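Hi,

Here is the structure I promised to pass on. Have a look at it first, and then read my notes below.

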Amino acid sequence: MKKILLVGRLNTALKEMNQFLLQHFYVQLCSENASILEGMIKIVHPDLVLISLIGAYDVDTSIFCMLRDQYAQIPVLTIGTKEQTSKFSKYYEKNQFENLIRPIENTMIIDAIFRRLSGDEKEAKQEIAEEKKEKKRILVVDDNGTALRTIKVMLEEYYEVAIAISGAQAMTSIGKKRPDLILLDYEMPICDGRMTLEMIRADKDMKDIPVIFLTAVNDREHIEAVLKLKPAGYLLKPPIKKRLIAEIDKVLEHA
C-alpha cells in the first residue's frame, strides 16, 4: 500500500481528509514543522507528501526548500485557497510540486495523488483496489488496551485488523465477521486464552480459524501447556513486528 505523509495543522478539514485518504493509502499525519517533517520522512519513507495549507498561514517555508533540495524524488501536493497558496507559488515551478485549489472534492484529491504516483491513473487505482480486496482480516484478542493498540498499529498497514478485549467479545466479533486468523492472549482474566480457544473449536463455523497464542510467560512448563492445545503458532509478548508479521504470513500461507 502506498504511503502518504499528510502535513498540516490538525483541524477538522485535515481530520476529514485523513479519514478519506485512509480508504486508499497508508497515511501518517505530521505537523508543518521542517525538522519534524524531515524526521518523519526518514521513518515513514513516503511515496508522496501532501501539505494542507488550511488554517496554516504561518507554514514554515523552509519545508519547501528542504523537500526540493533533499527529497526531490518525492512528489509533493499542496492544498489551499488561492489566497493561502499565493505565498508558496514560487515553489511550484519545479515538477516535484503541484498545487490544488480549494474548494476541491476529496475524490479529486485522490485522482491527483494517483496521477502523481503513477503515469497510468487507471492502473494505479486498480492496484490499490486489489490490495484492499486481498487484505486478510486479523482479530487481536487481549485484555490489555495498550497491547491491543500497539499490535493494531504494527499490523494495520498489511491487514484488516479487528480487536477484542475479552474472549466473550472475541466470539461476538467472529460471529459478525469471520477473521482469517486470530491473535489470542493466553493470560486473560475470567475467560482465558485456553477457554476462548475451546469455544472457537466447539463452533463448527469457527473451528478452522487458525489461532496464534501470545504469552508473556516464558518458562518450559507454561510453553508446553500452550503447545498441548495445538495452536497454529505462539509468540512471546511483547511481539517484535517483523517476527509477528512473518509468523502470521506463514500460518496464513498454510491455512
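Before the notes, one term: contact here means heavy atoms within 4.5 Å. Also keep in mind that this is a predicted model.

With that in hand, start with helix 7 and helix 11. I151, M154 and L155 in helix 7 meet K241, L244, I245 and I248 in helix 11. Sorted by class, that contact has six nonpolar residues, one charged residue and no polar ones. The axes of helix 7 (residues 145-155) and helix 11 come within 10 Å and cross at roughly 70°. Angles of 65 to 115 degrees count as roughly perpendicular, and helix 7 and helix 11 are therefore roughly perpendicular to each other. Their crossing is right-handed.

There is another helix pair to look at. Helix 8 (residues 167-176) and helix 9 (residues 193-202) pack with their axes 9 Å apart, at an angle of about 25°. Since angles under 35 degrees count as roughly parallel, that makes helix 8 roughly parallel to helix 9. Here too the crossing is described as right-handed. On the helix 8 side, the residues are G167, M171 and I174, and they meet T196, M199 and I200 in helix 9. By class, this contact has four nonpolar and two polar residues, with no charged ones.

Five strands make an open sheet in the order 2-1-3-4-5, and the pairing is parallel. Which strands stand at the edges? They are strand 2 (26-30) and strand 5 (97-101); each has a single partner strand, so one side of each is left without a neighbour in the sheet. From one strand to the next, the twist averages 20°.

Helix 1 (residues 12-21) touches strand 1 (3-7), strand 2, strand 3 (48-52) and strand 4, and its direction makes about 175° with that of strand 1. Helix 3 (residues 62-70) lies across strand 3, strand 4 and strand 5, running at about 165° to strand 3.

Last, some backbone details in the loops. Most residues other than glycine have a negative phi, and most peptide bonds are trans. Against that background, here are the places I would click on:

- The peptide bond from R102 to P103 is cis, with omega near 0°. P103 sits in the loop between strand 5 and helix 5 (106-117).
- The bond from K237 to P238 is cis too, with omega near -5°. You will find P238 in the loop between strand 10 (233-236) and helix 11 (241-254).
- H45 is not a glycine, yet its phi is positive, at about 55°. Look for H45 in the loop between helix 2 (34-44) and strand 3.
- K230 also has a positive phi, near 55°. Its place is in the loop between helix 10 (220-228) and strand 10.

Are H45 and K230 buried or exposed? Exposed means over 50% relative accessible area. H45 has a relative accessible area of 53%, so H45 is exposed. K230, at 68% relative accessibility, counts as exposed as well.

Cheers

Definitions and conventions
Residues numbered from 1 in each chain as written. Predicted model: local features only at pLDDT ≥ 70, side-chain atom pairs only at ≥ 80, totals over all residues. Heavy atoms only, no water. Pairing = 2+ DSSP bridges. Helix = DSSP H or I, 4+ residues; strand = E, 2+ residues; numbered from the N terminus. Axes fitted to C-alpha atoms, helices over the stretch in contact; angles between N-to-C directions. Buried < 20%, exposed > 50% of the residue type's maximum accessible area, 1.4 Å probe, protein only. Parallel < 35°, antiparallel > 145°, perpendicular 65-115°, else oblique. Left-handed = near helix turned anticlockwise from the far one by under 90°. Nonpolar A, V, L, I, M, F, W, Y, C, P; charged D, E, K, R; others polar.
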